[in-house]
Amino acid sequence: MAEGKNEAVDRTGDPTEAAAPTGGAEWKPTPAAKQKSLTFRWIAVGLWVLAIAAEAVGIFWLLRQRVFVGEDGTLVRDPDTGLLEEQGVEAQFPQWAFIALIVLLVVIAALSIGGSLLWKKANRLDPAKKSETVKFFVQNQLGVIIAIIAFVPLIILIFLNKDMDKGQKATAGVIGIVLAGIAVFFGIDFDPPSVEQYTADQSAVIQLLGEDQVYWVEGGQVYHVCDEVSDIQTGSEIMSGTTAEAIEAGKIRLTLKFESEMRTCGLPVPENADEITEALRAIQAGQVDTPLPAPVWANDVTPPIMVEDAPAEQ
């Protein structure tokens with residue numbers, strides 16, 4: 001797990017023996033992060049189930065409420081059907097049901113938004129692979145899908161309800177549309193993380209430092225390659241750990257200022273640091289097919305780690 005600053009990292013030694021990722025070098029969440037994301041997802045699903053259940057209550061019970069005005073009307077015969085009916089009797093949607101419907105729409109929105117926020121937190125801890133296109137889309141935009149399911153049928157039936165007057169329909173319909181829009185907005189993940197993005201950050205850290213070891217403090221969204229930079233001299237405890245542990249702590253990416261940070265800590269800087277920075281910028285922005293350049297070291301620099309290129313596939 002993450003450790004305090006007093007646990008210094010030994011950056012010396014044979015670069016060929018430096019710590020490297022195991023199991024294929026693909027980024028994986030820590031067990032704690034995996035468990036936390038699972039908990040968030042179960043709670044989110046529970047909130048969404050309640051939202052859809054509330055919608056069902058609105059559709060199958062609340063919208064069917066009506067009161068009859070003029071029930072002492074005169075009996076007349078409908079010549080088209082031959083059936084008797086009370087002349088002057090009118091069905092209306094009761095005011096208590098209208099108020100309950102507005103409250104129900106607010107409750108559905110709150111449940112939908114709460115579930116979406118927790119689901120997005122879970123995705124930060126344990127993202128999908130962008131290469132798995134359908135799964136990546138569904139996992140990251142599930143909050144939008146649930147919001148649509150929880151609102152659209154109910155809103156349609158509000159406008160189709162024959163017992164509501166025009167004022168009730170307009171008020172409930174507009175409130176429903178506005179709340180649905182808010183729920184959809186909170187359900188959208190505009191910048192979803194991916195396994196590929198986290199893997200690229202982890203690979204960059206290992207190739208630059210020789211090991212998967214980074215630093216962070218409470219607050220902010222990035223982790224750092226040096227524990228002496230001003231960005232983390234905030235008075236808070238400086239934590240250290242792997243990139244996966246940084247993600248678990250809520251830091252979503254490697255800082256793009258790693259070049260100046262390495263100089264601050266007196267670490268050798270690759271000659272193509274700018275190229276690496278631009279590649280990481282593109283990958284962090286979602287362009288995960290961008291190749292990550294290997295560091296190019298000066299002749300008088302001992303590389304922190306030696307990583308051979310994989311053999312070409314036959």
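Student: How many helices and strands does the chain have?

Tutor: Helices (H or I, at least four residues) and strands (E, at least two) are DSSP runs, numbered from the N terminus. Here the chain has eight helices and nine strands. This is a predicted model: local features need pLDDT of at least 70, side-chain atom pairs count only at pLDDT 80 or more, and totals for chains, interfaces and linings use all residues. Residues are numbered from 1 along each chain as its sequence is written, and side-chain values use heavy atoms, with hydrogens and water left out.

Student: What share of the 314 residues is buried?

Tutor: Buried means under 20% relative accessible area, exposed over 50%, partly exposed in between (1.4 Å probe, protein chains only). In this chain of 314 residues, 43% are buried.

Student: How many disulfides are there?

Tutor: A disulfide is a pair of cysteine sulfur atoms within 2.5 Å. The count is one. C226 and C265 form it, with sulfur atoms 1.8 Å apart. C226 lies in the loop between β7 (222-223) and β8 (239-241), and C265 in the loop between α7 (258-264) and α8 (273-284), so the pair ties together parts 39 residues apart in sequence.

Student: Why is the disulfide called right-handed?

Tutor: Because the torsion about the S-S bond of C226 and C265 is about 80 degrees.

Student: Are C226 and C265 buried or exposed?

Tutor: Both C226 and C265 are buried.

Student: Why does L117 count as partly exposed?

Tutor: Because its relative accessibility is 40%. L117 sits in helix α2 (residues 95-125).
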